[in-house]
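User: I would like to go through this model and ask what stands behind each label. Please set the values against the cut-offs.

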Amino acid sequence: MTTKCLRILVLTCSTRPGALGPAVGGWLTDTLAPVAKELDVDLVPVAIGDLDLPFLDEEEHPSTGVYRHEHTRRWSRIVAEADGFVFVTPEYNYGMPATLKNALDYLGPEWAWKPAGFVSYGHTSAGTRAVQHAKQVVTTLRLVPLGTTVAIRIADAMRDDRFAPGPRHAEAAEGLLGELVRVAHALTPMRERGHADAVTGPLPGSYVRPLGPDDAAEVTVLQRCCWLEEALINDTLDIPALHETLDDVRAWLAEWDVTGLWRDGRLLGMVRTRRDGDDLHIGRLAVVPDLRGLGVGRWLLGRAESAAEGCRRVLLTTGVASHRNLALYQRQGYVVLPDPRDDGAVDLVKAAVPA
């Protein structure tokens with residue numbers, strides 16, 4: 001699970017001329033702005049009326065992701081980039097607006113494993129029947145509806161023809177955002193496993209994906225865990241991985257190609273690579289202590305070596321007393337370079353396998 005800023009789409013669903021929806025959506029984003037900043041959330045207001053989505057006109061099933069029209073591709077990008085949704089919806093004849101149903105039906109995988117909150121408005125029922133109707137649809141799309149909702153009776157929220165809900169509505173909206181953020185973080189592993197960049201890992205339920213600056217916190221914890229043991233074995237604390245700050249880690253995550261192995265939101269292992277002329281440098285190969293001996297390190301090393309196409313040789317470094325590491329590398333064909341180092345480390349090299 002990363003620590004990146006969550007992107008929450010606030011979708012105003014009504015397209016009726018003169019509708020109250022834009023006022024409700026504007027009140028919601030303004031009210032939640034301070035709380036969103038505290039929770040590291042980016043609220044993105046979007047109106048269905050601005051999407052120019054005609055009645056569903058795609059020939060292929062949404063599950064295929066094959067979209068012929070630019071309006072669908074644009075809508076797909078917007079939804080795919082979001083980590084969660086707040087639907088601002090009226091109630092029309094005991095149900096949600098056809099515009100919301102249509103927008104939902106356009107897409108498939110883009111919705112999966114993301115939380116959905118509802119802010120409804122109406123007269124007698126305050127829009128709650130629209131929410132119940134919508135929940136039947138969103139659960140089919142593997143969206144996860146929240147228990148917390150905001151229901152606004154229009155008569156209670158108007159002041160001199162101006163939409164001005166009371167403090168209780170603002171409090172309910174803050175509660176909704178708080179729950180949405182918690183659920184969005186909890187569902188992150190589910191979303192990542194279905195991401196285009198995710199690949200099945202060597203352990204049941206595991207997957208690998210590229211790591212970036214947003215993963216710096218998890219990488220820092222993994223480094224501290226793994227290289228403390230290296231420090232004890234090599235009788236030195238002069239190991240960069242033990243002293244790097246979060247900013248240091250973010251910096252090299254932006255510069256190296258880094259692969260992370262995950263399961264259920266836990267970073268289990270990682271390895272980084274960088275090309276330098278004809279050489280491929282491999283570093284920071286790490287596996288959590290409780291999973292060592294299961295072939296995970298060997299699997300990550302092999303994945304790193306697959307980036308050596310076009311290179312002449314592969315280089316890596318480990319501690320001179322790190323006998324387990326040295327044994328692994330030598331079994332994989334690496335040899336220790338003869339030139340000594342004065343920092344307690346040794347360099348190893350392996351000829352790259354021709355493509």
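User: Why is Cys13 called buried?

Analyst: The model is a predicted one. Cys13 has 0% relative accessibility, and buried means under 20%, so Cys13 counts as buried.

User: Why does Cys225 count as partly exposed?

Analyst: Its relative accessibility is 35%. Buried would require under 20% and exposed over 50%, so Cys225 at 35% counts as partly exposed.

User: How do you know that Cys225 is in no disulfide?

Analyst: The nearest cysteine sulfur belongs to Cys226 and is 4.7 Å away. A disulfide needs two cysteine sulfur atoms within 2.5 Å, and Cys225 therefore has no such partner. By this rule the count of disulfides is zero.

User: Where is Gln223, and is Gln223 buried or exposed?

Analyst: Gln223 is in helix α7, residues 216-234. At 0% relative accessibility Gln223 counts as buried, because the limit is under 20%.

User: What makes the Gln223 and Arg284 pair a polar contact?

Analyst: The side chains of Gln223 and Arg284 come to 2.6 Å, and the cut-off for a pair of N or O atoms is within 3.5 Å. Arg284 is also among the residues that Gln223 touches, including Trp252 and Met270.

User: Why are β8 and β14 called edge strands?

Analyst: Eight strands form an open sheet with mixed pairing, in the order β8-β9-β10-β11-β12-β13-β15-β14. β8 (199-200) and β14 (335-336) each have a single partner strand, so one side of each is left without a neighbour in the sheet.

User: How do you know that β11 and β12 pair?

Analyst: Pairing takes at least two bridges. Strand β11 (residues 266-276) and strand β12 (residues 279-287) have seven, in the antiparallel sense. Arg275 has Leu280 in β12 as its bridge partner. Helix α11 (residues 323-331) lies across β12, β13, β14 and β15, at about 165° to β13.

User: What is the strand order in the sheet of five strands, and which strands are its edges?

Analyst: The order of this open sheet is β2-β1-β3-β4-β5, with parallel pairing. The edge strands are β2 (41-47) and β5 (144-153), each pairing on one side only. On average, neighbouring strands are turned by 20° against each other, direction ignored.

User: What makes β3 and β4 a pair?

Analyst: Six bridges join strand β3 (residues 84-90) and strand β4 (residues 115-122) in the parallel sense, against a requirement of at least two. Thr89 stands opposite Ser120 in β4. Helix α6 (residues 167-193) packs on this sheet, and its direction makes about 165° with that of β5.

How values were computed. Residues numbered from 1 in each chain as written. Predicted model: local features only at pLDDT ≥ 70, side-chain atom pairs only at ≥ 80, totals over all residues. Heavy atoms only, no water. Helix = DSSP H or I, 4+ residues; strand = E, 2+ residues; numbered from the N terminus. Contact = heavy atoms within 4.5 Å. Axes fitted to C-alpha atoms, helices over the stretch in contact; angles between N-to-C directions. Buried < 20%, exposed > 50% of the residue type's maximum accessible area, 1.4 Å probe, protein only. Polar contact = N/O pair within 3.5 Å; in protein donor to acceptor, adjacent residues only side chain to side chain. Lists of a residue's contacts leave out its neighbours within four places in sequence.
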